[in-house]
Amino acid sequence: MTADKLNALIDSATHVYVAVNSCGCWSAVTTDLSACGNEEMAKYTADDVADFIRSGQRVERVSLEEWKKKPFVSITKCPHKQNASKEPTA
Ligand SMILES: [Zn+2]
């Protein structure tokens, strides 16, 4: 698949899957390509979602509109520090 085709697929997506920390921050995202009609791309989505679950996160499927409304916080920048158990908590 060319990058152009991939971008077109991603542009046509209406939903994304987000990985949700227990504090509620969104720490990862993957475009939902499960309905794009391309099995190979649908598998990428499934693999990403499986990775989120394996890393102990909750997964939510949200529309692109919802996704754009909420700021994305990378897992290392989560202000709640729930994933930084190695750091001492004051
Ligand atoms: Zn957080």
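Predicted model: local features only at pLDDT ≥ 70, side-chain atom pairs only at ≥ 80, totals over all residues.
**Entry 1, overall make-up.** I went through the elements and found three helices and three strands. Read from the N terminus, their order is α-β-β-α-β-α. I then looked up burial for the chain: 14% of the 90 residues count as buried.

I traced the strands and found an open sheet of three, in the order 2-1-3, with antiparallel pairing. Strand 2 (26–31) and strand 3 are the edge strands, each pairing on one side only. On average, neighbouring strands of this sheet are turned by 30° against each other, direction ignored.

I took the two pairings in turn. Strand 1 (residues 15–20) pairs with strand 3 over six bridges in the antiparallel sense. In that pairing, Val 16 has Val 62 of strand 3 as its bridge partner. Strand 1 and strand 2 are also antiparallel, over five bridges. Here I noted Val 20, which stands opposite Trp 26 in strand 2.

Which residues make up the largest nonpolar core? I listed seven: Val 16, Tyr 17, Val 18, Ala 19, Cys 25, Trp 26 and Phe 52. Strand 1 gives the largest share of this core, four residues.

I looked at Val 16 again, for its contacts. Not counting residues up to four places away in sequence, Val 16 touches Val 29, Thr 30, Thr 31, Asp 32, Val 62, Leu 64 and Trp 67.

I located Val 73 in the segment after helix 3 (64–69).

I then looked up what Val 73 meets. Leaving aside neighbours within four places in sequence, Val 73 is in contact with Cys 25, Trp 26, Ser 27 and Cys 78. For Cys 25 I also noted the spacing: Val 73 and Cys 25 are 48 residues apart in sequence, yet 6.2 Å apart in space, C-alpha to C-alpha. Cys 25 and Trp 26 are both members of the largest nonpolar core.

Definitions and conventions: Residues numbered from 1 in each chain as written. Pairing = 2+ DSSP bridges. Helix = DSSP H or I, 4+ residues; strand = E, 2+ residues; numbered from the N terminus. Core = buried A, V, L, I, M, F, W, Y, C linked by C-beta atoms within 7 Å. Buried ≥ 20, exposed ≤ 12 C-beta atoms within 10 Å, placed from the backbone. Contact = placed C-beta atoms within 7 Å. Axes fitted to C-alpha atoms, helices over the stretch in contact; angles between N-to-C directions.
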